Amino acid sequence: PPFSELEQEFGKGNVSNIFDGRPFQKHSSCENIDETSGNKVFLLKHFGRETQSEDNIAEMDKLGYRPATHIEAYAFQKKHPELQRKFWIVALGSFAMFGGDRCVAVLNGGSGRRVFGDRWFGRGWCSSGRFLFVRK
């Protein structure tokens, strides 16, 4: 959806600028996927340790999953809006450039609000976060 619609849904100031219409690129593991809506099997993975983006993708690939894109994260939160108030949900399958960095979609919240934010793909992730994957 357009940025203005996202702000209506999440609230003013709760939507990252990466959703301002700039192009998103897919991670190489998602290049040939079909993002149309339909039945998809999502997995919300909690590694329970500090991790790195590429390591998470490689580990889940071996189990038959690929990372969710920002579009799929948006669809997921529509069905499960309360989950992002409990913990961060990271979608590693697509990214937009922001200040020279690849930034991925992150659903989070707190204090009664929900946020459609972003974080740098190349960062390390703390042990409390969750990552959204899709069965191949």
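Trainee: How far is the sulfur of C103 from the closest cysteine sulfur, and in which residue does that sulfur lie?

Mentor: The closest cysteine sulfur to that of C103 belongs to C126 and is 17 Å away, which is too far for a bond. The general idea is that a disulfide is a pair of cysteine sulfur atoms within 2.5 Å. The sulfur of C30 is likewise too far for a bond, since its closest cysteine sulfur, in C103, is 17 Å away. A search of the whole structure accordingly finds zero disulfides.

Trainee: What should I know about the model before I read on?

Mentor: This is a predicted model, in which local features need pLDDT of at least 70 and side-chain atom pairs count only at pLDDT 80 or more, while totals for chains, interfaces and linings use all residues. Residues are numbered from 1 along each chain as its sequence is written, and side-chain values use heavy atoms, with hydrogens and water left out.

Trainee: Is C30 buried or exposed?

Mentor: A residue is called buried under 20% relative accessible area, exposed over 50%, and partly exposed in between, using a 1.4 Å probe and protein chains only. C30 has 0% relative accessibility and counts as buried, and C103, with a relative accessible area of 5%, is buried too.

Trainee: How many residues does the largest nonpolar core have?

Mentor: In soluble globular proteins, nonpolar side chains tend to be buried together. A nonpolar core is a set of buried Ala, Val, Leu, Ile, Met, Phe, Trp, Tyr and Cys residues joined through side-chain atoms within 4.5 Å. Here the largest one has 19 residues, and those with the most contacts inside it are L6, F10, F19, I89, F116 and L132. At least two residues of this core come from each of α1 (3-10), α3 (70-79), β5 (89-98), β6 (101-110) and β9 (130-135), where helices (H or I, at least four residues) and strands (E, at least two) are DSSP runs numbered from the N terminus. A second, separate core of 13 residues includes I57, V106, W125 and F133.

Trainee: Which residues does I18 touch, leaving out those up to four places away in sequence?

Mentor: Touching here means contact, that is, heavy atoms within 4.5 Å. With that exclusion, I18 touches F24, A96, F98, C103, V104, A105 and D118. I18 lies in the loop between α1 and β1 (24-26), yet it counts as buried at 0% relative accessibility. Although I18 and D118 are 100 residues apart in sequence, their C-alpha atoms are 7.3 Å apart in space.

Trainee: In which sense do β5 and β6 pair?

Mentor: Two strands pair if DSSP finds at least two bridges between them. β5 and β6 pair in the antiparallel sense over six bridges, with I89 standing opposite L107 in β6. These strands form a hairpin with two residues between them, and G99 in the turn has a positive phi of about 60 degrees. β6 is also joined to β7 by eight bridges, the two running antiparallel, and A105 has D118 in β7 as its bridge partner.

Trainee: Which residues of helix α2 are buried?

Mentor: An α-helix has 3.6 residues a turn, so residues three or four places apart point the same way. In α2 (residues 53-61), the buried residues are S53, N56, I57 and M60. Seen down the axis of α2, they fall within an arc of 95 degrees (the arc of the directions from the helix axis to the C-beta atoms), so they line one face of the helix. Among the elements that cover them are β5 and β9.

Trainee: How many salt bridges are there?

Mentor: A salt bridge is a side-chain nitrogen of Lys or Arg within 4 Å of a carboxyl oxygen of Asp or Glu, and the count by this rule comes to nine. E9 forms one with R114, the closest N and O atoms being 3.9 Å apart. Because E9 lies in helix α1 and R114 in strand β7 (residues 113-120), the pair ties together parts that are 105 residues apart in sequence. E9, K78 and R114 are linked in a network of salt bridges. R66 forms another with E72, with the closest N and O atoms 2.6 Å apart; R66 is buried at 7% relative accessible area, and E72 is buried at 3%.
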